[in-house]
Amino acid sequence: MTESGGAAAGRTDGPALDVARFGLDGDGRLEVAGQWRGVRGRRFVRPTLDLRLRDGSARRLLAVLDHKPWAPDAVGEWVAAFAFEDAVGEVQGAELAVAPGVVVELAGPGGSGP
């Protein structure tokens, strides 16, 4: 099941991420932050970020361990960061996977939804 992320998604019946930030952090890494909905009782694994680049290629990134255990806490902000050496402007969109069946679409960095 793939759900759309972002507050504008308008879906409340399945996993969703209300994206607060998707962009470069102070360390030059891509960071995704927000609040999860519809994931009560789910156990997250190490997040992966599948990027769609402007040249038509794709890249898969694995989250750095700084924010482990990536629990979808009901209180507070959820954060995952990814080492990324290319120009952030080349990213058109992304898919964030955090558990089997919990995958959300993200707009390019700086956006808050698909």
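Modeller: Happy to! Keep in mind that this is a predicted model. Let's begin with Arg60, which sits in strand β5, the stretch covering residues 58-62. Is Arg60 buried or exposed? Its relative accessibility is 62%, so Arg60 counts as exposed, the cut-off being over 50%. Now look for its partners. Setting aside neighbours within four places in sequence, Arg60 is in contact with Leu49 and Asp50.

Next, compare Arg29, found in the loop between β2 (16-24) and β3 (30-37). Arg29 has a relative accessibility of 14%, and because buried means under 20%, it counts as buried. Not counting residues up to four places away in sequence, Arg29 touches Gly23, Leu24, Val64, Asp66, His67, Ala81, Phe82 and Ala83.

Leu49, a contact of Arg60, and Phe82, a contact of Arg29, are both among the residues with the most contacts inside the largest nonpolar core, which has 26 residues. At least two residues of this core come from each of β2, β3, β4 (48-53), β6 (78-82), β7 (91-99) and β8 (102-107). The largest share, five residues, is supplied by β7. Trp36 is another of the residues with the most contacts inside the core. Leaving out residues up to four places away in sequence, Trp36 touches several residues, including Phe44, Trp78, Leu96 and Val104.

How values were computed
Residues numbered from 1 in each chain as written. Predicted model: local features only at pLDDT ≥ 70, side-chain atom pairs only at ≥ 80, totals over all residues. Heavy atoms only, no water. Helix = DSSP H or I, 4+ residues; strand = E, 2+ residues; numbered from the N terminus. Buried < 20%, exposed > 50% of the residue type's maximum accessible area, 1.4 Å probe, protein only. Contact = heavy atoms within 4.5 Å. Core = buried A, V, L, I, M, F, W, Y, C linked by side-chain atoms within 4.5 Å.
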